[in-house]
Amino acid sequence: MNDRKKGISLVLIATTFWGMMGINSRTLSLAGLSAMDIAFIRCSIAGVLFTIYMLITKPNELKQKFSGIFVGCIYGIVCFVLGFMTYNISVERVPISVATVLMFTNPIWVSIFGTLVFKDKMTKKKLFVICMCILGCICISDIMSTGGANLDIIGIIAGLTNGMTFAMQIIIPRFFEGKYSKDAILVYGFISSTIVLSFFTDFSAISSAIVGENSFKVVLNMLAISVLSTFIASTFYVKSTEYIETQVTSILVSLEPILGSIFAFFIFGETMSQTQLLGAVIVILAACILESDLSKVTEKILMLLPNKERS
């Protein structure tokens with residue numbers, strides 16, 4: 001397998017695992033676990049695996065000054081505690097497909113935060129994409145056809161907040177670029193978030209779910225959401241950028257909401273209205289436009305064509 005195929009395979013595996021995440025979260029919620037309980041399970045198991053991975057591959061990077069550990073703690077509380085919790089709340093209150101699309105607004109939040117924090121130029125392209133995203137979210141909430149009668153505002157806000165915290169996973173490390181190891185920030189982030197979440201976790205509920213009548217199903221989903229959707233997906237996604245361009249990676253990741261919707265349909269029978277489907281397409285298209293250089297993509301496609309067709 002050449003490097004390009006390897007990179008595409010890695011990002012497709014990561015995207016598939018992310019697409020499954022809503023199913024795992026919903027299943028654990030139905031088993032009696034709260035958003036905090038699920039977030040704790042995800043952080044603790046993934047945190048142990050990331051720490052072992054770092055001890056084996058980059059042990060020296062774990063040696064950080066107090067300021068580096070503090071940054072990792074802030075990263076964990078913002079990105080993992082708040083992020084995982086809001087995702088679980090969103091999945092509980094709105095269709096999985098809607099929650100997944102709202103999480104996928106993260107490239108737009110990255111653009112907004114980049115302008116506010118790093119003074120990145122707000123181009124016409126970015127403004128257009130942000131407007132597309134707002135329109136897409138309005139369609140996803142389906143407020144136009146229902147007049148807000150069936151709108152779960154908490155679920156929508158939780159989904160958008162999750163998109164913001166997902167964006168902060170890029171913004172915070174960028175703010176400390178070259179000062180602290182990104183991998184070390186990740187490890188200390190998981191450790192701190194696990195400690196914080198332990199104060200709000202109902203361990204008796206977790207124990208009951210593990211030893212209950214659906215114990216095998218519960219444990220399987222616990223491992224899936226923490227090992228597959230968190231540890232492996234994140235590792236594979238980062239690794240894929242070593243083999244393929246970030247533009248290609250971004251376009252492939254746009255499959256996540258689609259896969260999430262497919263899984264939700266087959267497992268829970270969830271469907272989206274035509275308006276919500278339109279909104280999902282708009283948000284995915286907006287993210288692709290924002291993260292890809294369409295002229296370069298077109299140029300690469302043309303390079304694959306025979307000389308006669310190219311002319």
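Hi everyone, let's start with the rings: Phe50, Tyr53, Tyr75, Phe80, Phe84, Phe190 and Phe231 form one aromatic cluster. Here, rings of Phe, Tyr and Trp (its six-membered ring) pair if their centres lie within 6.5 Å, and planes under 30 degrees apart count as stacked, over 60 as edge-to-face and the rest as tilted.

A word on the source: this is a predicted model, where local features need pLDDT of at least 70, side-chain atom pairs count only at pLDDT 80 or more, and totals for chains, interfaces and linings use all residues. Residues are numbered from 1 along each chain as its sequence is written, and side-chain values use heavy atoms, leaving out hydrogens and water.

Back to the rings. Searching the whole structure turns up 13 aromatic pairs. In one of them, phenylalanine 50 and phenylalanine 231 have ring centres 4.9 Å apart and planes at 80 degrees, so they are edge-to-face. Phenylalanine 50 belongs to helix α2 and phenylalanine 231 to helix α11 (residues 215-240), so this pair ties together parts 181 residues apart in sequence. Helices are DSSP runs of H or I, at least four residues, numbered from the N terminus.

What about tyrosine 53 and phenylalanine 231? Their ring centres are 6.4 Å apart with planes at 70 degrees, so that pair is edge-to-face too.

Which of these residues are buried? Phenylalanine 50 and phenylalanine 231 both are, the latter with a relative accessible area of 15%. Tyrosine 53, at 31%, is partly exposed. The cut-offs are under 20% relative accessible area for buried, over 50% for exposed, and partly exposed in between (1.4 Å probe, protein chains only).

Now the core. The largest nonpolar core has 79 residues, and Leu33, Phe80 and Phe190 have the most contacts inside it. Helix α2 gives the most to this core, with 10 residues. Such a core is a set of buried Ala, Val, Leu, Ile, Met, Phe, Trp, Tyr and Cys residues joined through side-chain atoms within 4.5 Å.

Leaving aside neighbours within four places in sequence, phenylalanine 190 is in contact (heavy atoms within 4.5 Å) with Cys43, Ala46, Gly47, Phe50, Phe80, Phe84 and Thr230.

Note on methods: Helices (H or I, at least four residues) and strands (E, at least two) are DSSP runs, numbered from the N terminus.
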